Each structure stands twice: as C-alpha cells, then as structure tokens.
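Please keep the sequence and the model in view while reading.

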Amino acid sequence: MQVKSWLCATACLLAAALSPAMAADAPTEIKIGALYAGSGQMAAASTPLHVALEYWADGLNRNGGVFVKGFGKKIPIKLVSYDDQSSPALAANLTNQLITVDKVDILLADSTSVMTASAVPVARDHKMLLWDITGSSPNFFSADNPYIVLLALAATDRYPKSIAEFVDQMPKLGIKNVAILYNTADYTAFQAIAVRKAVLANPNLKLVFDRGVPANTTDYTLLVNNVQAAQPDALLEFGYPANEIAFLRALQDNGSKFKFLFTGYGLTEMSLMQTNGVADQLMNTYALAAAASYPRKPEVGLDLEHLREAFEKWVEDHHQTGVEFGFNALAGYQAGLVIENALAEANSLDQLELRRAVFTLSGKLVTLDGPFILAPDGSQSGEILPLGQIMPGKNGAKDYSINIVWPPELATAKPLYPAP
Amino acid sequence: MLAYALATGVIFGLYFALVGVGMNLVFGVMRIVNLAHGDFIMLGAFAAFWLFRGMGLPAPVVVALCFGAFFLIGLPVYYALVPRLQRAAEPEMLSLILFFGLSQVIEAGVAMLFGNTERSIPSRLLGGGPVHLLGQTIPYAWFYAAGVSVVMMFGVYVYLYRTQLGRQTRAIMAQKQEAVAIGIDVHKISAIAFGIGTGLAATAGVFAPFMLGSFTPSIGVPLDLTSFAVVIIGSLGNPLGTVLGGMIFGVSLMLMRTYFSSFADLLPNLVLIGVLLIRPSGLLGKRVRHA
C-alpha cells in the first residue's frame with residue numbers, strides 16, 4: 001500500500017514537474033514577421049496578400065491562437081509587419097530588422113519574386129527559414145540552402161506546365177505561327193522561357209514574334225500593333241496585373257483580336273479585370289485556371305465561396321479600402337494555412353525543425369490552391385493550374401464560365417479555335 | 001513599323017509635353033523643383049476617374065473642372081510652402097527635399113483613402129473608336145489627349161506672350177530682382193504660375209488612364225522622372241521648350257518599344273545623361289537665360 005502510494009506520489013510529482021516545464025518553455029505569443037508594399041509598384045499585389053494574412057491571424061486569435069505540437073497548446077499569434085514601399089533595398093533592411101530586432105519566430109517574404117529576391121540572402125545568412133509566399137523564381141532555390149520554402153505558387157519553371165504542354169496540341173488546331181510577349185521580371189520571364197522552349201521544340205510551329213517589355217510597361221498599344229504586324233495565329237502574353245489591364249485596354253482601344261490568345265494573369269485576378277472594365281476582352285481567350293476562378297475542393301481550410309464571403313466581410317468590417325479578392329488574397333490565406341498546419345507538426349520553433357514540419361505536409365496537404373508538394377530544394381512543385389478557355393455567359397463577362405482544355409484528365413471541353 | 005512608331009511617338013510626345021510643362025513653368029518662375037508634380041498628375045487621374053465613371057461627365061467638362069480645381073488648390077499650396085522655402089540659402093536643393101516629402105504624403109494619403117488597386121477608365125467614355133493610320137490602328141483617346149495638350153500648350157503660350165500677367169511672369173523668369181525693382185508683385189505672379197502648373201499637371205492626369213493603361217497612387221514618381229527627362233531635353237526653365245522635349249522623348253520611347261522593347265524603361269535615364277553631358281542647358285537652353 002505504501003509502495004503504491006509512493007509510486008503514485010512520484011508519478012504526480014513528475015507530471016507536475018514536467019507540465020510547468022513545458023508551459024514555461026512555451027512563448028506567450030508566436031511572432032510572425034511580414035513585409036508588405038503599402039505603396040509603389042508592388043502594392044496592388046502585396047496589399048491583398050497581407051490583408052489576407054491579417055484575416056487569417058485574426059481568425060486564429062479569436063479561437064485562442066495557433067496550436068503548436070511542441071508546446072501542446074494554442075498560442076496567440078502576433079503579426080509584426082513593415083511597409084517596404086515596393087523597395088527591394090528597404091525590404092532587405094526590414095527583413096534584417098524582423099530577424100535581429102523583433103526576433104520573429106516565423107519570417108515571411110513580401111509577395112512577388114521582385115520583392116522576395118532581397119530577403120533570400122538575408123534569411124540564409126541568419127539561418128532563418130524564409131516562408132516564401134509567391135516569390136517563385138527558380139533562382140531562389142538550391143540544394144545547399146535549407147532556409148526557404150515556397151508556399152502558394154508553383155516555381156515559375158513549373159507553373160506554366162499546362163500551357164507549355166498544350167503548345168504541342170496547337171498544330172492540331174491549325175496554329176502555325178506563335179507570338180510571345182512578356183514582362184521581363186523573373187516571374188513572367190521564366191514562364192515565357194518554358195513556353196518558348198516548347199514552341200521551338202515543335203517543328204510544326206514557328207515563333208514569329210518574341211519580345212520582352214519592362215515590368216513597369218503600362219501602354220501596350222504600339223506593342224499590340226507590332227504583334228499584329230507579325231500575323232501570328234496565337235499570342236501568348238505574360239504580365240503582372242498592371243501589364244494585363246493595359247494590354248487588354250490596348251486590345252479594346254484598337255479593336256484588335258487574336259485567333260488564340262493566352263494571358264498569364266487573365267483568370268488570376270478576374271475580379272480586378274472586371275472592375276477595370278477589360279474582362280470582355282478575355283472572353284474566348286485562354287488562361288491558367290487559378291483558384292480564385294476555378295473552385296477546387298480543399299481538404300484543409302475554407303472552400304472558395306465561404307472564403308470569399310468571410311474575407312470580404314472581414315475587409316469591410318476592418319475598413320480596408322480597394323482590396324480585391326483574387327489570387328493574391330488566396331495566396332495570403334494559403335500561407336496562413338501552411339504555417340498553421342506546420343506548427344501543428346513542429347516540436348519546437350527551431351528553424352530547421354520548422355522546415356522539417358513544413359516538409360511533413362508535402363503531398364498530404366490539399367488546399368484551394370491544390371496539392372501542396374515541395375521539391376527537396378524547398379520550391380513548390382504542386383499547385384499546378386489547368387489550362388482553361390474563358391467562355392462568355394448570357395451577360396458576357398459578368399457570368400463567364402471556364403472550359404478546362406488541358407490536361408486531358410481534367411478537360412471538360414475542346415478548345416474553340418479560332419476564337420469567335 | 002517605323003512610320004507607325006514615328007506617328008505614335010509624335011502623338012505621345014504631345015502628351016508628354018503636357019506632363020512636363022507644369023513642372024517647367026514652376027521651375028522657370030520660382031527656381032524650385034516640384035517633386036510632387038507627378039502626384040498632382042496622379043490626383044488628376046483620381047479626380048477624372050470619379051468625374052468620368054462616378055458622375056458621367058463629358059470630357060471637356062472634366063478637363064475644365066480638373067484644371068480649375070487644381071489651379072485653386074495650387075494657390076494655398078504655394079503660399080504655405082514656397083515663400084518660406086525661398087527665404088532659405090539654397091531653395092533649389094531644399095525644394096527637392098520638401099516636395100519629395102509632400103509627394104510621399106500625397107501618395108500615402110491617397111493609398112490609405114482609396115487603396116492600391118489598379119484603376120482604369122474605358123476609352124469609350126471619350127467617344128470614337130480606333131483610328132486607322134498607316135495600315136494600323138491608334139486609339140481615339142490618344143488623339144483626344146494630344147489635341148487637349150496642343151490646346152493647353154497654346155494657352156500657356158498666349159498666357160506668357162500675350163497677357164500682362166504673362167509678361168510679368170517672363171520678367172520674373174528672366175531676372176527676379178529687377179522684376180521686384182520695377183514693382184512686380186512676385187508672390188502674386190508666382191502663386192498664379194504655381195496654380196497653372198498644378199492645373200496643367202491635373203489636366204495631364206485626366207488623360208493618364210487613357211495614355212498609361214491604368215493608374216495607382218504610386219504613378220507619381222515614375223511620372224516625375226518622365227517630366228524631368230522631357231523638361232531637361234527641352235531646357236529647364238523654358239516652358240515652351242517642353243514641347244520639343246516631349247516630342248523627342250515620345251518618338252524615342254516608341255522607337256525603343258518597337259526595336260528594343262526590353263530596354264524601353266532605360267530611356268528616361270539615358271536621355272537625361274546624354275543631354276546633361278552634351279548640352280547641360282537643354283536643346284533650347286539659350287532662350288532660358290535671355291527670355
């Protein structure tokens with residue numbers, strides 16, 4: 001009896017001794033450092049992404065915070081954010097500040113490859129894992145750098161897989177001459193490289209126009225005329241939202257039309273195109289069917305309609321102006337989901353342990369963006385988007401639909417060529 | 001393609017002249033560099049967005065309202081900032097810092113109020129369809145913008161060379177101390193010039209969505225760079241030299257876009273460096289000093 005009591009008392013003491021130890025080790029908050037562009041050229045992409053992160057963090061904090069496996073409990077999140085004003089140099093300084101002064105537990109990059117580029121070496125030097133949201137340039141990833149993972153977008157050399165594969169189908173449609181027009185920033189230039197390679201590899205296709213334009217190009221009238229002068233059967237255009245709006249405006253103003261037109265951002269920020277009155281130009285054209293336009297069934301997180309509704313309500317309640325629900329908002333939410341699920345697998349907040357935790361999600365996590373699959377170098381190989389043709393509804397672009405035309409296993413219709 | 005590039009270059013050049021002329025007028029009269037000039041263009045674009053899409057007003061009314069409203073806004077801005085600035089030892093240098101600060105405040109304020117989303121205005125609101133020229137097409141909006149630029153330039157010419165206020169303005173541009181000595185009210189004339197410069201910037205802003213495709217609160221700084229290039233080619237301090245600067249810039253830009261599109265955004269910097277090295281006073285530099 002005495003022995004039993006002694007054992008019980010010892011067990012209780014041990015449990016009591018261990019529990020406070022775990023609680024004592026647990027931080028009072030998880031600090032997540034983030035940069036965003038509140039002004040400048042990247043602001044249109046960066047702002048909705050950051051607002052979505054705030055929405056995600058707010059939702060978790062209302063329920064006690066994020067669960068961290070290593071501490072066995074939920075811990076509130078503190079989002080530490082700085083405005084880098086679209087300046088890569090300032091982003092590098094602020095990334096350093098987040099690591100050394102704010103001592104954040106999780107370090108997020110600003111959106112786009114342009115802004116992520118300056119954070120990659122800083123994070124690596126400090127042996128801090130960079131949670132790269134949409135910086136998809138393959139240049140950021142290498143086997144000898146374990147301090148980066150890409151969350152919300154396939155690496156740019158893999159991102160255009162569907163359109164690059166579809167290029168081989170073009171001769172069957174009667175397409176012979178192809179034109180490529182692209183923004184020279186990493187994100188779009190790498191897509192153009194992948195597609196150009198596919199065109200040049202096909203003996204039945206001829207590249208009749210191949211031009212890059214600076215990232216800040218917002219007038220495409222002359223370029224569109226030059227493309228038309230080359231008489232292509234198909235034009236493949238890659239740009240950021242500002243480029244895309246200007247490109248579509250040029251088509252509208254010129255009354256220009258192409259028999260086959262692919263746009264890189266056409267479906268990625270469709271609501272932005274609608275707001276700007278250029279969505280009609282996208283009817284019967286092709287684009288990668290991004291999650292904001294092509295609902296997928298997520299296994300983790302909200303589905304598209306519930307997310308859109310919740311996000312827009314949150315934006316309204318928090319008086320955030322001019323924030324569109326599109327690809328970038330989804331990317332911010334996706335980043336939050338990956339962090340949340342990784343922390344649920346992490347035994348500590350050690351940076352390499354966090355990397356291990358993120359990698360446990362690879363191949364298992366399926367969100368609105370599709371399956372989350374990491375390559376060994378931390379780049380994203382999942383989240384590949386199918387190629388869709390945007391079909392007008394009864395009211396034109398207001399109630400458009402998408403015909404998936406590639407890959408064959410997802411195809412819902414055959415491509416309509418030439419475009420009516 | 002060459003003829004088309006030249007034709008569109010001339011049309012764009014006329015618009016660029018409108019973009020730069022306000023900055024040049026302000027520098028010519030006050031010897032200060034208004035780095036918030038691009039932000040007044042941006043504000044003009046926002047005003048036009050609201051007047052066109054929100055109120056459905058016709059283009060001539062939008063142009064008149066924007067010019068008038070921003071002329072009036074320019075007057076208190078002048079009296080609040082410029083006289084104090086000109087009492088400093090080096091007003092030119094200090095103006096760079098002061099107006100850069102003002103530029104940042106305007107951009108941040110607009111971003112907070114309206115967000116950073118891209119905005120555009122459908123060209124159909126200006127009427128007309130694509131114009132066929134040299135076997136290709138040019139948007140009607142470009143001709144409209146170029147036409148308004150010509151009218152505004154002519155207005156600046158008439159003001160400077162055919163009115164009493166204009167003669168006083170040129171007197172200050174030529175020799176400020178002598179203008180004071182003969183009884184010209186320098187502050188009054190300068191305030192009017194600042195108001196006109198601000199109004200011209202806003203008028204350029206009305207057409208920015210049509211010429212530049214879309215706009216955000218951050219278009220100010222790139223437009224400042226463009227204005228600088230245009231102004232320096234023509235000659236800093238000579239408002240009418242801006243027309244020549246605009247044309248050269250417009251044609252060069254379109255040629256670059258046609259033949260070396262990847263490097264088109266290098267143009268403002270290349271032109272600035274080239275002109276400063278070869279003819280620092282600008283192509284019409286002599287006339288500034290002896291206006």
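Predicted model: local features only at pLDDT ≥ 70, side-chain atom pairs only at ≥ 80, totals over all residues.

Two residues are taken to be in contact if their C-beta atoms, placed from the backbone, lie within 7 Å. On that basis, residues 24 or more positions apart account for 77% of the contacts in chain B with a separation of 6 or more.

**Chain B as a whole**
- Chain B contains twelve helices and two strands, and from the N terminus on its elements follow the order α-α-α-α-β-β-α-α-α-α-α-α-α-α.
- The radius of gyration of chain B is 18 Å, close to the 19 Å that the globule rule gives for 291 residues, and chain B is therefore as compact as a globular protein of that length.
- The C-alpha trace of chain B spans about 60 × 45 × 35 Å along its principal axes, and 54% of the 291 residues of this chain count as buried.

**The contact between chains A and B**
- On the side of chain A, 39 residues are in contact with 38 residues of chain B.
- Two or more residues each are given to the side of chain A that touches chain B by α2 (43-62), β9, α8 (221-229) and α9 (241-254) of chain A, and α9(A) gives the most, with eight residues.
- Divided by class, the residues of chain A on this side are 14 nonpolar, 20 polar and five charged.

**The two domains of chain A**
- The domain assignment of chain A gives domain 1 as 24-156 + 296-371 and domain 2 as 161-290 + 386-406, and the centres of these two domains, taken over C-alpha atoms, are separated by 30 Å.
- The contact between them takes 15 residues from domain 1 of chain A and 16 residues from domain 2 of chain A.
- On the side of domain 1 of chain A that touches domain 2 of chain A, the elements that give two or more residues are α2 and α4 (113-125) of chain A, and by class this side has six nonpolar, eight polar and one charged residues.

**Strand β8 of chain A and its partners**
- Strand β8 (residues 177-183) of chain A is mostly covered, with six of its seven residues buried.
- β8(A) pairs in the parallel sense with strand β9 (residues 206-213) of chain A over seven bridges, and the chain crosses from β8(A) to β9(A) through helix α7 (residues 186-201) of chain A in a right-handed β-α-β crossover.
- β8(A) also runs parallel to strand β10 (residues 234-238) of chain A, to which five bridges join it.
- A:A179 stands opposite A:F209 in β9(A), while the bridge partner of A:A179 in β10(A) is A:L235.

Definitions and conventions. Residues numbered from 1 in each chain as written. Chains lettered and ligands numbered in written order. Buried ≥ 20, exposed ≤ 12 C-beta atoms within 10 Å, placed from the backbone. Helix = DSSP H or I, 4+ residues; strand = E, 2+ residues; numbered from the N terminus. Pairing = 2+ DSSP bridges. Right-handed = clockwise from strand over helix to strand, strands pointing away. Nonpolar A, V, L, I, M, F, W, Y, C, P; charged D, E, K, R; others polar. Domains from an automatic or database assignment. Rg over C-alpha atoms; globule rule 2.2 N^0.38 Å.
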